[in-house]
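Biologist: I would like to learn how to read a protein model feature by feature. Could you take me through one slowly, giving the general idea before the particular case?

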Amino acid sequence: QNNAANTITDSATGIVFNTWGVPQDSAQSKGGWTFGVALPSNGLTTDATEFIGYLQCAAKDVKGWCGFSLGGPMTNSLLIAAWPHEDEVYTSLRYATGYAMPDVYTGNAEITQIRSSINSTHFTLVFRCKNCLQWDQNGQTGGVSTSGGFMVLGWVQAFPSPGNPTCPSQITLEQHDNGMGIWGAVLDANAANPSYSAWAAKATKTVT
Ligand code: HEM
């Protein structure tokens, strides 16, 4: 995946994202993936506590899930798992201390959605992640410093759907089977935008 960011404007919302990913025909991950970040207007000079995320992940006939680690490794980082089910994209904030099914995250992070879409090969979610850039799982703390202009992130993709898909706190997962990695995500000036507050205000939908 790229380290220097690409910049995209999500045509449905007008939100501008720095993005990283692998292409759809990649051997590393069938169907590819894209992860994007938009930060508050001062996010490149003052550490942000939240972001607007863009994710597009592969799924076969609406089956599959993807995950992102906001710290890089699977362990000791805030994790976001996302999967499509019927006409919704569900998410679950998780935390793992070992390489086994991650626990439900118990800190105060919160995802609200701006838009989602699903087709036979991919699902897309644009979401606000509040209190997601510093984490605390029962006293184990960590975080991301956006003012450094650089994040270490992790990704995984998988094709079997979660069990209990409509109940994010009770999903069951098999170990991911469609690629994984850790990458350095370099932020550029397009990552932070004066419209952030207006965009974040559109994140009114909760899918639970
Ligand atoms: C890597 C197991 C769920 C994110 C790994 C590795 C194992 C593993 C064994 C290391 C593989 C290697 O280095 O060859 C599992 C199992 C899961 C699970 C058994 C559930 C039953 C998740 C979830 C996420 C996630 C839900 C994110 C939402 C990652 C990431 C990596 C990884 C980002 C690559 C970075 C690293 O090696 O730390 N996983 N995982 N995993 N996993 Fe998971």
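This is a predicted model: local features need pLDDT of at least 70, side-chain atom pairs count only at pLDDT 80 or more; totals for chains, interfaces and linings use all residues.

Biologist: Which protein atoms are the donors of the iron atom of the ligand?

Modeller: The protein donors are Met74, through its SD atom, and His176, through its NE2 atom, and they lie 2.0 to 2.1 Å from the iron atom of the ligand.

Biologist: In what order do the strands of the open sheet run?

Modeller: In a regular strand, side chains alternate between the two faces of the sheet. In this open sheet, 6 strands follow the order E1-E2-E3-E4-E10-E9 with antiparallel pairing. Strand E1 (6–9) and strand E9 (110–118) are the edge strands, each pairing on one side only. On average, and with direction ignored, neighbouring strands of this sheet are turned by 25 degrees against each other. Within the sheet, strand E3 (residues 33–38) pairs with strand E4 (residues 51–58) over 6 bridges in the antiparallel sense, and Gly36 stands opposite Tyr54 in E4.

Biologist: How many residues lie between the strands in the hairpin of E11 and E12?

Modeller: There are 2 residues between the strands, and in this hairpin Asn138 takes a positive phi near 50 degrees. Strands E11 (residues 134–137) and E12 (residues 140–143) pair in the antiparallel sense over 4 bridges, with Gly142 in E12 as the bridge partner of Trp135.

Biologist: Which residues lie closest to the centre of the largest pocket?

Modeller: Rolling a probe the size of a water molecule over the atoms shows where empty space is left. The largest pocket holds about 500 Å³ of space, and of its 25 lining residues, Trp65, Met74, Pro102, Val156 and His176 are the closest to its centre. Met74 and His176 are also the protein donors of the iron atom. The lining divides into 16 nonpolar, 7 polar and 2 charged residues, and its largest share, 4 residues, comes from E5.

Biologist: What is the volume of the second largest pocket?

Modeller: The second largest pocket has a volume of about 240 Å³, and E9 gives the most to its lining, with 4 residues.

Definitions and conventions: Residues are numbered from 1 along each chain as its sequence is written. Side-chain values use heavy atoms; hydrogens and water are left out. Donors are N, O and S atoms within 2.8 Å of the metal (3.2 Å for Na, K and Ca); water is not among the atoms, so sites may look incomplete. Two strands pair if DSSP finds at least two bridges between them. Axes are lines fitted to C-alpha atoms, for helices over the stretch in contact, and angles run from 0 to 180 degrees between N-to-C directions. On a 1 Å grid over the protein atoms alone, a cavity is a set of points where a 1.4 Å probe fits but cannot get out, and a pocket is an open set with protein on both sides within 12 Å along at least five of seven lines; lining residues have an atom within 4 Å of a point. Grid points are joined across faces, edges and corners, and a volume is the space filled by probe spheres set on the points. Ala, Val, Leu, Ile, Met, Phe, Trp, Tyr, Cys and Pro count as nonpolar, Asp, Glu, Lys and Arg as charged, and the others, Gly among them, as polar.
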